[in-house]
Amino acid sequence: MITHDIVVVGGGPAGMAAAVAAYDAGVTDVVILDREDSVGGILRQCIHNGFGLHKLGRELTGPEYADVYRAEVEKRGIKVYLETTVTAVTPDRVVTARNREGILKIKAGAVVLAMGCRERSRGALNISGTRPAGVYSAGTAQKLINCEGYMVGRRVVILGSGDIGLIMARRMSFEGAKVEAVLEIMPYSGGLTRNIVQCLEDYDIPLYLSTTVAEIHGRERVTGVTIAEVDERRQVKEETKRYIPCDTVLLSCGLIPENELTRAAGIPIDPVTSGALVDENRETAVPGIFACGNVLQVHDLVDYVSDEAEIAGLGAADFVKGVGPAGNTVETKAGHGVRYVLPQRVHTDKGADVALFMRVTEPFGRVRFTVKSGDAVLATAVRLKAAPGEMEKIVVKNEKLAAATAPITVSLEVL
Amino acid sequence: MDRSLICIICPRGCALHVSGEGDALTVTGNACPKGGQYAVDECTHPTRTVTSIVRVANREDTMVSVKTAAPIPKEHIFDVMQKIRAAEVNAPIEAGTVILADLFGTDVIATKTIR
Amino acid sequence: MFDIAIIGGGVIGGMLARQLSRYQLSVCLLEKESDVAMGATKANSGIVHGGYDPEPGTLKAKLNAEGVQKLYDVADEIHAPYRKNGSFVCAFGTPEEEATVRALYERGLVNGIKGLEILTGDEARALEPALSDKVSLVLHVTNAGIVCPYELTLAAIGNAMDNGVALKVEFAVSAIERTQKGFAVIAESGARVEAAYVVNCAGAYADRIAAMVGDDFFTIIPRAGEYMLLDKNEGARVSHTIFQVPSAEGKGVLVSPTVDGNLLTGPTAVKVGAPDHTETTPAGLETVARLAAKSVPSVNFRQVITSFSGVRASEKRGDFIIEPARSVQGMLHVAAIDSPGLTSCVAIADYAIELLREMGLATVEKADFNPVRENPHAFREMSDEEKDAYIKAHPAYGKIVCRCETVSEGEIRDAIRRNPPARDIDGVKRRTRSGMGRCQGGFCMPYVMRLIAEENGVAMERVTKKGADSYQLIGKL
């Protein structure tokens, strides 16, 4: 068994930003474990641009954004174990990992979980029909095309209008494929508006809302799909069924935080975010274990992943230095129109402002968010529009927070 | 002109409205000046950044990601793609290396370092 | 020229090949798909049935009763995973259902089954707390178990091949001709295998094979059943296999743990389909969820990781058909093997060998028969210390390819190299569980494809999902 002050599980944008932040806070004995052969995580396959506008003030592609952080990691001499897969984390912070050299056991002063997320699979979607080749999760197709240089199909139907699906619609078009349609089972898209414009509208790719794949056809390779509209209960309307010939189906139906290690460590999970329950430092309910990035909550922008990871990295550094937050905490709760609020608990005597992050339940026009503790209003914020695909952030001032004793509820009213 | 469009400069996605003619276009709905410029450009000469990949000839199954260093006229996206598809490079390559020079007023550059 | 050609690489053909491989015989196993265990074997409940159910006096009753222990014994030798977890057959408060439970108990005694007991609902819930409050009476079958049907088949065929049996995949039999010394079995591709004896183990296609020699005395009625498999998070929901007594809605849906730690629910009230009818339907899956919840209300169907449909090779008489061909000499039909066929597979193989002897086959034991197949999962069952030592000697086991099921590059390469070799992505999946977890191959598939391509010396684009034209890629960019 070896020891390190901080072990970061995952070398994607979250893990790298957390490690850098912890290092800069004075805890220099920090290591990153990553299962792939280079750091960067999923950004390595996200070759499109649009990253970094918020965080770095310039527009970068995924690999470029990852490179910014890789350079920071290298500059500090932070050790990165590559092709090293963590298989267990215990509540007393022993991290077990495996690589070609053997089994690695590290006793960590603090652990930062940054494993990211996975795509919802066909199985989890329970799509009927046969099981031919040619059905990919959008990210798998993205990896095969962008990292390995193979084309996956010629005529494509994409189920799910999440950002990866939209990006892949354009990507497949660039490489000469015909994207027949993007289908979204909900009455609105979960992707960013700009992606609908620049990935679908630019290439005349139709987006059908309240529509799904009712059945996949083909024995060996996909030969087509039956698509259909759905009612309010998301049940297929039989009379709307129609057949679209295609050889490829891409699925972009949501991301699921990969919290198997987290669960096995006995860390409680929020059923709504599917990530750990954390405080404002992104510390889980198990002391000294922190979580950030898409393993904590699925983000729409990597910029916010980096922000969140810095919070977790600082939190882990404080924990190692023994100066972590103490005192009272209050829970946060989602009120009307709000699906979840993160962090799920907040120290009231932290002595600093705390940003709350949230997603709304459905698309709204102009809304006012109100953050209350009991009858006391801690913060309000007006937005011109709010959509489930776009994370909201509201800052609660230190002095307001200090007075909070009852659970903090965030709700919205339509203006 | 009387055109509604959605800004793609940043994820905020402002709903823009463009009116007026010729050099006297008026934009409303933009939260920042970049959005105003985007709306005018989009109505007069729309441009896009193209991102793709180029095969690394001396590495098995390795691709280097690339982009146009500046946005190019939208109508030339597929012309640029055709050139990118035909290109090949050899490793090592530093991110930022010019892979195809001077295409529609800009270069195609590597966005990944292949060591 | 082989002594015996077996048509069909399912659990029956595979186990027959394995049992024959102990003799001084040349045996060839013919399979139409790119891999073995691809028909009814691939998609069924994976249950070792106690033997209380078959009508006394039938072949099913006899071979089920003999088959349970034989199966456990062979599974031990060939390292096929199984678990004797016991099963419950539940009545839900009606006098008719309770009478059925008692009748099944009596029938089990007639069939010579040991270890049966009747439990009250409360007694059953004490053993199985997740059981529905509505369960009023239970037949507890203590010798019942669970087995992975395709792993059993892979192990049997692997062991058979290690003992000299030849396997030909993508050999879809299109004709059987008489020759001077026996038969010529001809494939759609034109390939030809000659053998003195032919055994028809063609599952849902057995009647078509029979018709090739002029036999039409049985007709297979393919019946499809749909299943849903749940994440390992749900795997401990029950420890026993929970059946319902047969009702108007069909034979009932089971809720069972699997040997791999998942939870299996299904099948639907079976329906007639084509032999290759393996589509799932929204209605079918809804039925599975509803009926499973009747037995175990707390099953969380948000944890479904995949659904599938399997075809049973049934026949109207309701019994196994294991008898010589009527139109030719030297051919044996082993047909209509539906439930409890998996349970009975070793007993069926042994019974078939008896019949072959009666038909004139000479069976002389081989001196060098090795009944043992090395455990393919030895690595994953090691302690961390043992793994560490093993990785230091074999670094490929340190590279995890499938993160959900923790499968290493070394284990995948083994699956591609050892008998019967995995040739495609699904073949690797069935042998190693790579791609069988939560992400269903989303992350590991490109890596697995690369390993298959590398091991077989072919291009990535030639790697298939499941043989034939099931290509994943259409070319290089």
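**Exercise 1.** Determine in which sense β3(C) and β8(C) pair, and how many bridges join them.

*Solution.* Strands are DSSP runs of E, at least two residues long, and helices are runs of H or I of at least four, numbered from the N terminus. Two strands pair if DSSP finds at least two bridges between them. In this predicted model, β3(C) and β8(C), residues 145-147, pair in the antiparallel sense over two bridges. Within this pair, Val48(C) stands opposite Gly145(C) of β8(C).

Residues are numbered from 1 along each chain as its sequence is written, while chains are lettered from A and ligands numbered from 1 in the order written. Local features need pLDDT of at least 70, side-chain atom pairs count only at pLDDT 80 or more, and totals for chains, interfaces and linings use all residues.

**Exercise 2.** Locate the bend in α2(C) and state its angle.

*Solution.* The bend at a residue is the angle between axes fitted to the seven residues ending there and the seven starting there. Helix α2 of chain C (residues 59-78) bends by about 40° at Gly67(C). After α2(C) comes His79(C), with a positive phi near 55°.

**Exercise 3.** Identify the elements against which the buried residues of α2(C) pack.

*Solution.* A residue is buried if 20 or more other C-beta atoms, placed from the backbone, lie within 10 Å of its own. The buried residues of α2(C) include Leu63(C), Gly67(C) and Ile78(C). Contact requires C-beta atoms within 7 Å. The buried residues of α2(C) pack against β3, β4, β8, α5 (149-162) and α8 (341-358) of chain C.

Note on methods: A residue is buried if 20 or more other C-beta atoms lie within 10 Å of its own, exposed if 12 or fewer, and partly exposed in between; C-beta atoms are placed from the backbone. Two residues are in contact if their C-beta atoms, placed from the backbone, lie within 7 Å.
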